[in-house]
Amino acid sequence: MVDTRPFLPVSSSDGSNPSEPLANRCKTMKMRLSIFFGLLVVGLFAALLTSNVTENEHGSLASSTTAKPEPLRRVSRGPGAGVSEKSNWLFGRDDENGVAFPWNNSMLSWQRTAFHFQPERNWMNDPNGPLFYKGWYHFFYQYNPHAPVWGDIVWGHAVSKDLIHWLHLPLAMVADKTYDKSGVWTGSATFLPNGKIVMLYTGSDAQAVQVQNLAYPADHSDPLLINWVKFTGNPVLVPPPGILSKDFRDPTTAWLTSEGKWRFAIGSKINKTGIALVYDTKDFITYEKLDGLLRAVDGTGMWECVDFFPVSKTEENGLDTSVNGPDVKHVMKVSLDDDKNDYYAIGTYHEKNASFIPDDPTIDVGIGLRYDYGVYYAAKTFYDQNKNRRVLWGWIKESDSEAADVKKGWASVQSIPRTILLDQKTGTHLLQWPVEEIDSLRLNSYEFNQVKVQAGSVVPLEVGPATQLDILAEFEIDKEALEKATGSNVTFSCSSSGGTVERGALGPFGLLVLADDSLSEQTPVYFYIAKGSDGNLKTFFCNDQSRSSEASDVKKQVYGSMVPVVEGENLSLRVLVDHSIIESFAQGGRTVITSRVYPTKAIYGAAKLFLFNNATEAGVSASLRIWQMNSAFIRPFPNLDNKSQ
């Protein structure tokens with residue numbers, strides 16, 4: 001039998017303010033006074049130069065004087081501690097020669113999202129231990145309470161009734177023990193049969209060794225789970241022989257075996273081979289490392305944030321992590337430290353030897369399909385027993401400079417939570433879709449039916465400000481043009497193409513989001529159909545950031561991948577626009593792209609929406625329904641001392 005005895009509360013982290021801020025370098029009073037008066041004079045002079053601030057025709061504030069660009073400084077954050085690079089190097093090895101764009105407060109304020117989760121300030125990265133408990137959705141996350149850059153990582157905590165409106169709670173766990181002194185890193189929650197919760201998480205100890213630790217709620221009767229206890233026997237696991245001290249992290253949610261043991265995986269590597277170690281436990285206190293590996297793939301490097309869960313082959317609902325059987329497939333997902341993308345494979349789990357075998361080895365874990373082809377990492381699912389669904393969270397990184405993040409005072413957001421299912425039409429892909437609760441934010445709607453978009457044309461869509469939108473669109477391409485188009489042996493790729501300026505007979509066509517009237521700034525979300533020399537069609541779903549911003553210190557890439565289109569389907573997409581985030585879903589979520597964009601003109605009332613067709617031959621017709629989106633309430637929990645259940 002599984003040991004479900006309650007753990008003794010012996011070492012709690014009460015969510016109070018974490019460790020003291022880093023001490024400033026000592027300065028003499030004379031030096032401080034000199035600096036103060038020097039800055040005062042400079043500030044007065046700057047105020048005179050920049051006092052002419054006007055409101056432009058679109059209602060946004062803009063300074064009439066442009067600040068002198070500052071050089072960007074290259075700073076590495078993360079690898080020294082044994083995790084992936086968290087600092088955004090925009091210009092590769094020449095970062096130090098880059099120049100910061102002179103962002104003003106109006107531009108930076110616009111970038112903050114309206115309905116995506118983010119803390120009030122500072123840095124956030126991986127989602128941790130999401131769960132539903134006593135009427136509340138809980139979200140924990142990697143958080144730096146001191147600055148908008150990676151470092152001093154603790155666990156932030158927020159709760160929601162609907163996955164959309166969030167209330168911030170005190171920090172759940174801080175770096176206050178020797179075994180997590182260098183950081184309280186990623187972990188996962190597991191429900192015991194008696195309804196109690198255990199949390200396994202990685203701690204970076206005082207010597208930066210990655211160890212696994214156990215924590216649990218101090219009071220299971222508290223629906224908010226405010227206080228957490230760290231087990232006195234921590235660490236419960238250390239790197240085994242053959243595993244380096246900085247290559248052992250991110251335990252998965254545990255699942256029950258037929259023998260009544262709990263089993264979970266931990267990411268690691270051996271040389272350049274990514275691996276998932278497997279452990280069994282009866283009580284989460286003592287552990288047995290199994291001889292085999294859940295999976296290993298050559299050349300993929302360090303595996304972070306491993307996730308492992310079942311999906312139904314026959315039903316459109318989620319499954320508890322412990323479910324297995326003939327009507328079940330398993331999904332293995334890894335975050336590759338080397339390229340900072342999330343990959344998944346669908347296959348079969350063999351309990352006897354604790355191994356996962358992909359259905360198609362050519363698209364194995366780390367070399368095949370991705371959750372998201374944009375800026376999306378460290379994703380984590382949980383089984384939502386409240387609505388019988390599996391919900392996916394993912395960290396949306398920044399694509400601007402660290403200097404801009406410091407100026408605006410925050411960095412990173414979380415994706416809209418997504419349901420995740422096996423695509424029963426293809427059997428090869430997962431389907432991701434925004435949780436249904438996001439629809440509650442829809443306001444005014446606009447419908448456009450059978451809009452004809454000729455080759456080489458752009459059509460404006462009058463929907464008002466296009467900063468917060470939910471867009472559903474279907475496209476039909478001219479069938480005669482499909483048949484007449486000449487096939488080619490040339491291989492198309494979204495990322496290596498020239499974006500929407502690369503014209504073909506059958507594409508690109510789609511939407512221009514966050515575009516200004518002159519189209520000097522625009523972010524196309526689009527389809528491209530390539531016809532092979534054998535006459536077969538391949539459809540690609542792409543996102544082109546190359547003209548998304550006139551700023552110099554922003555990454556501008558073309559993202560995307562091929563998307564399967566089942567016979568009889570029209571091309572369809574859904575796009576959520578929320579200020580500096582664009583989440584795009586093609587063909588019901590078979591292929592997904594998340595982008596961070598930082599326009600300087602297409603903001604506030606100047607942000608517009610267009611249809612476009614840059615194909616050379618085929619015309620398309622588009623039908624759309626578009627909603628303006630309300631803002632979510634994301635704020636501190638009110639009257640926390642007098643909270644009610």
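This is a predicted model: local features need pLDDT of at least 70, side-chain atom pairs count only at pLDDT 80 or more; totals for chains, interfaces and linings use all residues.
D250 lies in the loop between β11 and β12, where strands (E, at least two residues) and helices (H or I, at least four) are DSSP runs numbered from the N terminus. Residues are numbered from 1 along each chain as its sequence is written, and side-chain values use heavy atoms, with hydrogens and water left out.

A354 is also not a glycine, yet it has a positive phi of about 50°. A354 is found in the loop between β18 (341–350) and β19 (355–358), and at 3% relative accessibility A354 counts as buried.

## Two cis peptide bonds

The peptide bond from N234 to P235 is cis, with omega near -5°, and P235 belongs to the loop between β11 (228–230) and β12. A cis peptide bond also leads from G507 to P508, with omega near 10°; here P508 sits in the loop between α4 (479–484) and β30.

## Strands and their partners

An open sheet is formed by 4 strands in the order β12-β13-β14-β15, with antiparallel pairing; two strands pair if DSSP finds at least two bridges between them. The edges are taken by β12 (255–256) and β15 (287–297), each with a single partner strand, so one side of each has no neighbour in the sheet. The antiparallel pairing of β12 with strand β13 (residues 262–270) runs over 2 bridges, and W255 stands opposite R263 in β13.

Elsewhere, strand β16 (residues 303–312) has 10 of its 10 residues buried, so it is largely enclosed by the rest of the structure. Strand β16 is joined by 8 bridges to strand β17 (residues 328–336), and the two run antiparallel, with F309 opposite V331 in β17.

Leaving aside neighbours within four places in sequence, I471 is in contact (heavy atoms within 4.5 Å) with residues including L511, V513, L573, L609 and L624.

E521 is placed in the loop between β30 (509–515) and β31 (523–531). E521 is buried yet has no salt bridge, a term for a side-chain nitrogen of Lys or Arg within 4 Å of a carboxyl oxygen of Asp or Glu. The nearest side chain of opposite charge, K601, is 6.5 Å away, where Lys and Arg count as positive, Asp and Glu as negative, and His and the chain ends are not counted.

The side chain of E521 does reach the backbone nitrogen of K601, at 2.7 Å, and the backbone nitrogen of E550 lies 2.8 Å from a polar atom of the E521 side chain. Apart from neighbours within four places in sequence, E521 is also in contact with residues that include R547, S548, P599 and T600.

Key: Buried means under 20% relative accessible area, exposed over 50%, partly exposed in between (1.4 Å probe, protein chains only). A polar contact is a pair of N or O atoms within 3.5 Å; within protein, one must be able to donate a hydrogen and the other to accept it, and residues adjacent in sequence count only if both atoms are side-chain atoms.
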